[in-house]
Amino acid sequence: MEAISLFAKQLSDKAAMLLQTYKKANDIVSKSNSLDDRVLAYNEVINFCMNSPECRNEDNIKRNTILYWAYHNMADALVKKNYDKPQKKVNSDHYFDALKYYNSALSLSSSNFEKIETLGKISDVHRKLGDVKSWMDIRKGLIEYFDNDQKRRAYAELADEAEEIDHRIDLLEHSLNYVKHEKLPAKEKCENTLAICASLMLYYEQKSDEVNLARIEHLAMQTEALISKKRK
């Protein structure tokens, strides 16, 4: 029993010390405009835990939350280092390091908010590195964390950002599937359907995809007929 009590006290002490280290890091950051200071401060928090077997092997909400924000804030600072020197050549190493720390934060996330926040930043870094496929895949995966009534807009907005027609079509087809889930009046749902159909018809026409063009034209005609019927 004494050994168990001592171990529990060690864990408690380490958790308190980790929190104090994190607060100290925040204090340094609040008093300094240096991004290097910010990186070093949050790295101290991470190193404190990684160098302690008790903290490194522990798994609880308090410890994970502190480390989540330490990794997250450190990655933010690394990304910002490229923003603050626009005249100089971008240092891609900052982005690769940021990805490593964002992914560490993601593994510690405990809520959808934290997952969405971190995945969004991971996808942005991939885009800055020119990895469009990873950016697109992550953004699509990110939308799966949204409520169904938010997905139509999210997919449509991502389609606006996509550069390739095939990506736009895929995203708009996803968007179309979630119109029915929106908590909107029937008229607005119909208008959203027609807006998506208009874009899809344009893209399918450009690709000479007659089968899908006919499918979307038929859906648009049915939707227009429903709007006309409701007006009477």
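## Basis

Residues are numbered from 1 along each chain as its sequence is written, and side-chain values use heavy atoms, with hydrogens and water left out. In this predicted model, local features need pLDDT of at least 70 and side-chain atom pairs count only at pLDDT 80 or more, while totals for chains, interfaces and linings use all residues.

## Helix H7 and its cover

Helix H7 spans residues 132-143 and has 12 residues. Helices here are DSSP runs (H or I, at least four residues), numbered from the N terminus. H7 reaches 17 Å from its first C-alpha to its last, close to the 16 Å expected at 1.5 Å a residue. The expected span is 1.5 Å times one less than the number of residues.

The buried residues of H7 are Trp 135, Met 136, Ile 138, Arg 139, Leu 142 and Ile 143. Buried means under 20% relative accessible area, exposed over 50%, and partly exposed in between (1.4 Å probe, protein chains only). Their cover includes helix H6 (112-128), helix H8 (148-161) and helix H9 (165-177).

## H7 against H8

Two packed helices are described by the angle between their axes and the distance between the axes. The axes of H7 and H8 come within 10 Å and cross at roughly 170°. Axes are lines fitted to C-alpha atoms, for helices over the stretch in contact, and angles run from 0 to 180 degrees between N-to-C directions. H7 and H8 are therefore roughly antiparallel (an angle over 145 degrees). Their crossing is right-handed, the near helix being turned clockwise from the far one by less than a right angle.

On the H7 side, the meeting residues are Trp 135, Met 136, Arg 139, Lys 140 and Ile 143. H8 contributes Lys 151, Ala 154, Tyr 155, Leu 158 and Glu 161. Contact means heavy atoms within 4.5 Å.

## Arg 152 in H8

Arg 152 is found in H8. Its relative accessibility is 12%, so Arg 152 counts as buried. A polar contact of 3.0 Å joins its side chain to that of Glu 182. Such a contact is a pair of N or O atoms within 3.5 Å; within protein, one must be able to donate a hydrogen and the other to accept it, and residues adjacent in sequence count only if both atoms are side-chain atoms. Not counting residues up to four places away in sequence, Arg 152 touches Ser 175, Tyr 178, Val 179, Glu 182, Asn 192 and Ile 196.

## H10 against H11

Helix H10 covers residues 186-206, and helix H11 covers 210-231. Their axes come within 9 Å and cross at roughly 155°. H10 and H11 are therefore roughly antiparallel. The crossing is left-handed. Among the H10 residues that meet H11 are Cys 190, Leu 194 and Tyr 204. The H11 side includes Arg 215, Leu 219 and Thr 223.

## Two residues of H11

Thr 223 lies in H11. Thr 223 counts as buried, at 7% relative accessibility. A polar atom of its side chain lies 2.8 Å from the backbone oxygen of Leu 219. Leaving aside neighbours within four places in sequence, Thr 223 is in contact with Cys 190, Thr 193 and Leu 194.

Arg 215 is also in H11. Arg 215 is partly exposed, with a relative accessible area of 38%. Beyond neighbours within four places in sequence, Arg 215 is in contact with Glu 173 and Tyr 204. The C-alpha atoms of Arg 215 and Met 201 are separated by 9.2 Å, at 14 residues apart along the chain.

Technical notes. Angles under 35 degrees count as roughly parallel, over 145 as roughly antiparallel, 65 to 115 as roughly perpendicular and the rest as oblique.
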